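Q: I would like to learn how to read a fold from its overall dimensions down to single side chains. Could we go through one case together, step by step?

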Amino acid sequence: MKIKEVRTRVAQWRGKTVPLPPHFCTNAMDLLARPEASMGTFTFHGWLIVEVFTDDGHVGVGNAALAPPVTKQVIDLYLEPLLVGADPWDVEFLWQQMYRKTIAFGRKGIGMVAISAVDIALWDLMGKAARQPVYRLLGGRTKPRVPVYASRLYSRPLHELAAEARRYKEEGYKAMKLRFGWGPTDGAAGMRRNVDLVRTVRETVGGEVDVMADAYMGWTLDYAKRMLPLLEPFNLRWLEEPVIPDDIHGYAELKSCKKIPIAGGEHEFTFYGFRELIEARAVDYIQFDTNRVGGISQARKIAALAEAYSIPVIPHAGQMHNYHLTMSTLASPMSEWFPMHDVEVGNELFYYIFDGDPAAENGFLQLDDNKPGLGLTLKTEYLDQFEIIE
């Protein structure tokens, strides 16, 4: 079996989009002059689809959501020539070849996103060729089913936030995550509004449901240190991405406060980046993003490293590649789950592009032993609402 073609397409959403209000979610742009809704910088309304074809008829599917047009060019110009004619089962060699070929300009960001998309497609391809689900290739089941937490609860009027949290509890979720809406430029009044968000969710769901909160890189170290004592009474399972990802020492200082566990890694890259986080004692939870960190080949190494340090791994975002990883390692106690929703930030676009994600039931999802690879196919139902760029 040899790779004969790597095909890339960008699916750019042209359908209905829900506008983002101000203070929808803090983010790294907030320290600058706030536009009408600064979170618009971090929306993902395009998606890259990668298909790897072999000479015996197998097709592996991968994907990425960061800067799809540029990521497509990296694959087309730099990665495909390395892959055509190769044996897809040499996945570790191929990963190292892609990484080292692009190391001068890659390492982090777009170069690694491109490698991630290809690597995910290769694992899907291997699973299909072996007629086994990917989690079996990674070691098999470590749990009967995958626990998931409901991840949405963006900043909104408190009565609406309470209703959404109540719905997730009624649907059986034992954990859920909210987003903060205010940051350093909003002063003490914004801090109180953030506390109101957390209080509302906690009082709605009670003490038997885990509540997490995400600042999405929108705070400074000083602001986060001021927020910690205000949030401590609400028993948050973790505070996510309180500062920008390059501020590892800021993460470490917040973790050393021992008030709220600190989570991060969504915007970190490769095994080496996570080694730095761990050696700096910077995080209590690791949240790599498989389609940014180097794909399944790197994600499984990071999970093994985290396990050696007893740091739980909870991958960023839902998606099947993360569910297979969570199923196959004890280092990962649960996965993130984005409820189906009208296109807003863009995470939900995955459901408009791919078929195969299992439905979450009572806070869990199940992977099918009889679906080879990742278990995904391309969806055609919404195709007329995308612009497809070949």
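Q: How does the radius of gyration of the protein chain stand against that of a compact globule with 390 residues?

A: The radius of gyration is taken over C-alpha atoms, and the globule rule is 2.2 Å times the number of residues to the power 0.38. For 390 residues a compact globule would come near 21 Å, and the protein chain has 20 Å, which agrees. Along its principal axes the C-alpha trace spans about 60 × 45 × 45 Å. This is a predicted model, in which local features need pLDDT of at least 70 and side-chain atom pairs count only at pLDDT 80 or more, whereas totals for chains, interfaces and linings use all residues. Residues are numbered from 1 along each chain as its sequence is written, and side-chain values use heavy atoms, with hydrogens and water left out.

Q: What percentage of the residues in the protein chain is buried, and what percentage of the contacts with a separation of 6 or more joins residues 24 or more positions apart?

A: Buried means under 20% relative accessible area, exposed over 50%, and partly exposed in between (1.4 Å probe, protein chains only). Buried residues make up 58% of the 390 residues here. Contact means heavy atoms within 4.5 Å, and residues 24 or more positions apart account for 73% of the contacts with a separation of 6 or more.

Q: How many helices and strands does the protein chain have, and which strands are joined to E4 by bridges?

A: Helices (H or I, at least four residues) and strands (E, at least two) are DSSP runs, numbered from the N terminus; the secondary structure comes to 13 helices and 14 strands. Two strands pair if DSSP finds at least two bridges between them. Strand E4 (residues 146-151) is joined by three bridges to E10 (residues 335-337), the two running parallel, with tyrosine 149 opposite glutamate 336. Two bridges join E4 to E5 (residues 175-179), again in parallel, and there methionine 176 is the bridge partner of alanine 150.

Q: What handedness does the β-α-β unit of E4, helix H5 and E5 have?

A: A crossover is right-handed if, with the strands pointing away from the viewer, the path from the first strand over the helix to the second runs clockwise. The unit made by E4, H5 (residues 158-170) and E5 is right-handed.

Q: Why can E4 and helix H12 be called largely enclosed?

A: Five of the six residues of E4 are buried, so this strand is largely enclosed by the rest of the structure. In H12 (residues 320-328) nine of the nine residues are buried, so the helix is likewise largely enclosed; among them are His321, Tyr323 and Met327.

Q: Which side chains make polar contacts with aspartate 289 and glutamate 51?

A: A polar contact is a pair of N or O atoms within 3.5 Å; within protein, one must be able to donate a hydrogen and the other to accept it, and residues adjacent in sequence count only if both atoms are side-chain atoms. Aspartate 289 lies in the loop between strand E9 (285-286) and helix H10 (290-293), and at 3% relative accessibility it counts as buried. Its side chain makes a polar contact of 2.5 Å with the side chain of histidine 316. Glutamate 51, in strand E2 (residues 46-54), counts as buried at 9% relative accessibility, and a polar contact of 2.6 Å joins its side chain to that of arginine 9.
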